[in-house]
Amino acid sequence: FFTCINIKQSIHQKLQAFFPPSFSTNMFVSLCFVCQAELKKEPVPLQDDSDLEKKRREADALLQSMGITPDAPVVPTHMSPTAKSAGSPSEAGSQDSGDGATGPRTLHWDCDPSTLLLHSEPGYCTLSARSPSLLLFQTSRERKEAEEEETAPPQPEVEAEKEKPAEKQDEEAPPHELTEEEKLQLLHSEEFMEFFDHSTRIMERALSEHVDVFFDYSGRDMEEKEGEMQAGAKLSLNRKFVDDRWSKQRVVTCLDWSPQYPELLVASYNNNEEAPHEPDGVALVWNMKYKKTTPEYVFHCQSAVMSAAFAKFHPNLVVGGTYSGQIVLWDNRSNRRTPVQRTPLSAAAHTHPVYCVNVVGTQNAHNLISISTDGKMCSWSLDMLSQPQDSMELLFKQSKSVAVTSMSFPLGDVNNFVVGSEDGSVYTACRHGSVTQKSYPCHLCLANMLYIKLELWNKKSCNNKPLYSFEDNSDYVYDVMWSPVHPALFACVDGLGRIDLWNLNNDTEVPTASVSVDGSPALNRLRWSQSGREIAVGDSEGQIHIYDVGIILKKKYFDLNTLVIAENSTDRPIY
Amino acid sequence: FNGGWQTSLRSPVLGDMVTLFTFCAEVEDTLKRIQGINGVIGTIVVNAEGIPIKTTLDNSTTVQYAGLLHQLTMKARSTVRDIDPQNDLTFLRIRSKKHEIMVSTDKEYLLIVIQNPAE
């Protein structure tokens, strides 16, 4: 404070203009300083004792003439330092009270060296412009307030004020403002109570509803959104599933999500070459819902499991197809980790590795379909695995057997299905008929040909050529799957640890989103969850990576002239 | 006064002061509860003249919202009354790209709540 005074000559000059000649600048400044000190009741370091006493008496006299006694509390307030002091064209600098406001007894000083503003709570500090002895630099609001209350002594409701600290936050309104007691009066008037009760009731109801009636599926409102959101999709890692004992150093051979419990995922693994004493085949059931890092269930069997699936209409059963040709059944109700049922190793069943198992049908009439690499397809009843209900050889043109590596049943169809074979061809087959290489209406299938190219086939096309070939991959593509919810979205994984998300509505040349898995392991399997919001990816090191997929729809859509991108069961396009 | 008053602490001198205090505490609690709802940006209570008497926002924003919404509510009310003099405005909901402003009005007071509906 002293420093401030000593430095600013200009301030003194300005002050001179406003003070009557009898009142020197130094006096004023010291006076205020003394006032402050007085009110704070703190010892004041001074050069001159007698001077101080004189100043103190004068200060007291002045204040009393205003109606402020040294004991009267003065409430500080926050005030904008850039105040519009309408009546005071010149302002002198001041300084914040060095020790900080110690409470209601301090006059607040602003730190701006170019202005001197006496901040005060309106109505309490009556340092008025009308006073001949003391200077008032206030905002127009304050001045008006001061004018109004110049004659009135400060109100004692400051006690009530202290008890309700929240009300100090009340703001002023432009034309005129309400004093604290006026606000208080309002707040406990009966009228206000009625209004408040009624309004808050409705407001809370309105706020609790979460329906967004404005969502635009065409994505038009997304266009205006800023940021890095691009049309398409984004992939983000959610979590990893790996078990030190059971899944390390085994290749993930198959993934399947449970239809009954969407958080459960079964993964099958082949053998661990470094642990010959451990079982060759392992199937683990992982749980997405909890943060537990160990599998929900551990199942194993003697032969490497090449495919696994939850039995669709039996929530407790997990089906596995093994390398030896046996099909095994695990039950989570039993306490055993070994299968409760096994198919026989006979010529009636399979003698080659079973790469595909699938439960098709309805609740009352369903079968387990299994296909092995020798082209044999068997149909089983889950109650009795001792012999197949039906079996057939998949022969193309009645002679050539199809070495099946993958199989897919279209939605809702139990008789006709599509198989991919080792020789890179895609075949359609009928359970009760023959195998043809012709196309089939109303179905699009993705074929992973020779692990290099992805091709899109339309079963409608008459020639035996794929509809589209995706050639963006640098390495072998090991697995591909359509999104179960988005008609134009599919994902694929390759041997270099890359997951690609393709959106045919956006671009057929490059994937919409692409992410590289940590450590770049060869990714073997890919499976969308039923909600279409997650992708499970299995790699060659026994790890399962769960990625979250966020889809953002773009405005326009892509349409091949003969290709209908979206189909539902009634054969009518969605887009 | 019926309802809303709790006269638990009735000291002879400060009796009225305390009842006053506890009532205001209820108002405070309710406003705090509303403010705590997910997505709510601010809550303002405005009186018949458009002067804010309670707010959870800062000075300038409150003044702006109170003034503008008071005018708009008056206009909306007069519109409703012009169409049917027996009718009166009860609730006003303004949905913009970024926010939703809800104004509940009764007996000339306004309860304004600004929320971000995306949350």
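In this predicted model, Val213(A) is found in the loop between α8 and α9 (220–223) of chain A. Val213(A) is exposed, with a relative accessible area of 63%. This residue does not stand alone. Together with Val211(A) and Phe214(A), Val213(A) forms a nonpolar patch on the surface. The accessible area of the three residues together is about 330 Å².

Helix α8 of chain A spans residues 190–208. A salt bridge joins two of its side chains, those of Arg201(A) and Asp197(A), at 3.1 Å from N to O. The two residues are four apart in the helix, so about one helical turn separates them. Arg201(A) is partly exposed, at 44% relative accessibility. Asp197(A) is also partly exposed, at 42%.

Over all chains, the whole structure holds nine aromatic pairs. In one of them, the ring centres of Phe195(A) and Tyr109(B) lie 5.2 Å apart. Their planes are at 25°, so the pair is stacked; the cut-off for stacking is under 30 degrees. The pair crosses from helix α8 of chain A to strand β5 (residues 109–115) of chain B. Phe195(A) is buried, and Tyr109(B) is buried too. Further rings join in. Phe192(A), Phe195(A), Phe196(A) and Tyr109(B) are linked by ring pairs into a cluster.

A second stacked pair lies within chain A. The rings of Phe490(A) and Trp502(A) have their centres 6.0 Å apart, with planes at 10°, so this pair is stacked as well. Phe490(A) belongs to strand β26 and Trp502(A) to strand β27, so the pair ties together parts that are 12 residues apart in sequence. Phe490(A) counts as buried, at 0% relative accessibility. Trp502(A) is buried too, with a relative accessible area of 0%.

Strand β26 (residues 489–494) of chain A runs antiparallel to β27(A), over five bridges. Within this pairing, Val493(A) has Ile499(A) in β27(A) as its bridge partner. The two strands form a hairpin, with three residues between them. In the turn, Gly497(A) has a positive phi of about 85°.

Strand β27(A) has another partner. Strand β28 (residues 513–516) of chain A pairs with β27(A) in the antiparallel sense, over four bridges. Here Asp500(A) stands opposite Ser514(A) in β28(A). Strand β27(A) covers residues 498–503, and five of these six residues are buried. The strand is therefore largely enclosed by the rest of the structure. Trp502(A) is one residue of β27 that is buried.

Elsewhere in chain A, four strands make an open sheet in the order β8-β9-β10-β11, with antiparallel pairing. Strands β8 (305–310) and β11 (341–342) stand at the edges. Each has a single partner strand, so one side of each is left without a neighbour in the sheet. Strand β8(A) pairs with strand β9 (residues 317–322) of chain A. That pairing is antiparallel, over five bridges. In β9(A), Val318(A) is the bridge partner of Phe310(A).

Charged contacts occur in both chains. Side chains of opposite charge can pair when their charged atoms come close. Over all chains, 14 salt bridges are counted. One of them joins Asp244(A) to Lys248(A), with the closest N and O atoms 2.8 Å apart. The two residues fall into separate accessibility classes. Asp244(A) is exposed, with a relative accessible area of 59%. Lys248(A) counts as partly exposed, at 40%.

In chain B, Asp88(B) forms a salt bridge with Arg81(B). The closest N and O atoms of that pair are 3.2 Å apart. Asp88(B) is partly exposed, at 34% relative accessibility. Arg81(B) is partly exposed, with a relative accessible area of 36%. Both residues belong to a network of salt bridges that also links Arg77(B) and Glu108(B).

Methods: Residues numbered from 1 in each chain as written. Chains lettered and ligands numbered in written order. Predicted model: local features only at pLDDT ≥ 70, side-chain atom pairs only at ≥ 80, totals over all residues. Heavy atoms only, no water. Buried < 20%, exposed > 50% of the residue type's maximum accessible area, 1.4 Å probe, protein only. Pairing = 2+ DSSP bridges. Salt bridge = Lys/Arg side-chain N within 4 Å of Asp/Glu carboxyl O. Patch = residues over 30% accessible without salt bridge, like charges linked within 9 Å, V, L, I, M, F, W, Y side chains within 5 Å. Areas by Shrake-Rupley, 256 points an atom, 1.4 Å probe, with all protein chains shown as cover. Phe/Tyr/Trp six-rings, centres within 6.5 Å; stacked < 30°, edge-to-face > 60°.
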